[in-house]
Amino acid sequence: MNNPPESLQSVLVFNGQDDSINLGNKLEFKIEKQITLEAWVYCQNQRRRTGIVSNVFDTAAQESGYGLLLDGKSGIFFALKTASQGIHYLSSKVDSLKLNQWHHLAGTYDGKQIKVYIDGVEKATKTASNSPINYEPENDLFIGTYKDNNETYPFQGKIAEVRIWKVARTQQEIQNNLYQRLGGNEPGLIGYWPLNEGSNNIAHDGTTNANHGTINGANWEQSQVPFTSPQSHELLVAKTITKENETTSELREAEQKTKEIEKHLLATGLEDYGFWWQEMLKAQAQKTEPDKPFRRGRIWT
């Protein structure tokens with residue numbers, strides 16, 4: 001995967017104290033079994049169970065929901081409560097999340113396996129029971145914090161491109177639009193919050209579900225980010241293809257000139273004149289500018 005050049009865009013900054021986005025408890029968020037969570041984060045502090053996007057409810061006595069959380073060390077958890085098992089906290093392992101730099105995070109569940117990804121690379125997998133996700137007790141979905149009835153763990157840093165899918169995306173599918181903002185109409189996408197509005201206190205859902213969230217305290221900031229809008233991504237791809245085509249065309253032209261010279265040598269019987277002669281003519285064929293004309297002259301002293 002080639003990272004695109006960074007661009008200056010609006011992102012939302014969370015202070016690690018009381019900032020959050022409340023998306024509510026909507027029917028679309030109660031995905032039965034197959035699910036993918038994604039987000040871009042710029043983490044400035046690690047604290048166990050800090051919420052990035054989560055409706056997890058875990059008081060030990062009661063457990064429900066799903067979420068991407070920090071693990072308090074140097075990685076993340078993909079948390080998931082199935083109906084027949086206790087809540088899973090699958091860790092991406094140590095040194096998988098660096099502070100003060102952008103990372104793409106993802107967690108998936110296909111009904112049988114839970115997986116967690118950092119920057120499009122699978123970091124851990126775990127077998128789970130073939131059962132639906134449990135949502136009792138119910139909880140609101142939050143961005144930028146973990147919150148249940150007696151605990152709150154707020155996130156400190158920047159968050160962008162929060163996505164929820166009702167399908168378990170493969171590693172290749174995650175990588176395909178890792179560095180690209182979405183259009184909002186992708187198959188299986190049920191919630192999409194780019195968090196790039198730049199003003200006001202509404203986090204708009206880019207899907208037709210229109211589950212917009214209320215921003216509580218978080219502030220807008222212009223930040224260099226490693227992902228592009230769909231338009232700029234297409235422009236970047238177009239420029240890359242054009243450059244590759246230009247390079248290919250130049251190589252083909254040089255090869256054609258070389259073939260013509262070799263054909264001329266064979267026709268005139270000069271092929272035996274020496275290896276150096278062929279090499280000289282090949283070099284001339286690949287020149288982009290003609291040689292300067294030679295002029296005779298005299299030097300008087």
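Two residues are in contact here if heavy atoms of theirs lie within 4.5 Å. The model is a predicted one.

Leaving out neighbours within four places in sequence, I143 is in contact with F14, S20, I21, L23, I52, V53, I159, V162, W193 and L195. I143 is also, together with Y66, the residue that touches the most other members of the largest nonpolar core, which has 42 residues. Strand β3 supplies five residues, the largest share of this core. A separate second core has twelve residues, among them Y42, A106, Y117 and Y179.

Y179 leads on to the aromatic side chains. The whole structure contains nine aromatic pairs. In one of them, W40 and Y179 lie 5.7 Å apart, centre to centre, with 45° between their planes, a tilted arrangement. This pair spans 139 residues of the chain: W40 belongs to strand β3 (residues 35–43), while Y179 is in the loop between α1 (171–176) and β17 (189–193). W40 has a relative accessible area of 1% and is therefore buried. Y179, at 14%, also counts as buried because the cut-off is under 20%.

Strand β10 (residues 102–109) and strand β11 (residues 113–118) run antiparallel and are joined by five bridges. Across this pairing, L105 stands opposite I118. The hairpin of β10 and β11 has three residues between the strands, and G111 takes a positive phi near 100° there. β11 also pairs with strand β12 (residues 121–127), again in the antiparallel sense, over six bridges. Here V116 stands opposite A124. Two residues lie between the strands of the β11 and β12 hairpin, in which D119 has a positive phi near 55°.

A124 is also touched by K93, whose other contacts beyond four places in sequence are D71, S74, G75 and K123. K93 is located in the loop between β9 (88–91) and β10. G75 is 18 residues from K93 along the chain, yet their C-alpha atoms are separated by 5.7 Å.

The charged side chains form eight salt bridges in the structure. R49 and E151 make one of these, with 3.3 Å from N to O. It connects the loop between β3 and β4 (51–54), where R49 is found, to the loop between β14 (145–147) and β15 (152–154), which holds E151, 102 residues apart. R49 is buried, with a relative accessible area of 14%, whereas E151 is partly exposed at 21%. The charged end of R49 also sits over the ring of Y146, 4.7 Å from its centre.

Another salt bridge is formed by E122 and K115, whose closest N and O atoms are 3.9 Å apart. Both ends count as partly exposed: E122 has 32% relative accessibility, and K115 has 23%.

R163 and E161 form a salt bridge with an N to O distance of 2.7 Å, and both residues are buried. R163 and E161 are part of a network of salt bridges that also links E38, R169 and R181.

Key. Residues numbered from 1 in each chain as written. Predicted model: local features only at pLDDT ≥ 70, side-chain atom pairs only at ≥ 80, totals over all residues. Heavy atoms only, no water. Phe/Tyr/Trp six-rings, centres within 6.5 Å; stacked < 30°, edge-to-face > 60°. Helix = DSSP H or I, 4+ residues; strand = E, 2+ residues; numbered from the N terminus. Buried < 20%, exposed > 50% of the residue type's maximum accessible area, 1.4 Å probe, protein only. Lys NZ or Arg CZ within 6 Å of the ring centre and 35° of its normal. Pairing = 2+ DSSP bridges. Core = buried A, V, L, I, M, F, W, Y, C linked by side-chain atoms within 4.5 Å. Salt bridge = Lys/Arg side-chain N within 4 Å of Asp/Glu carboxyl O.
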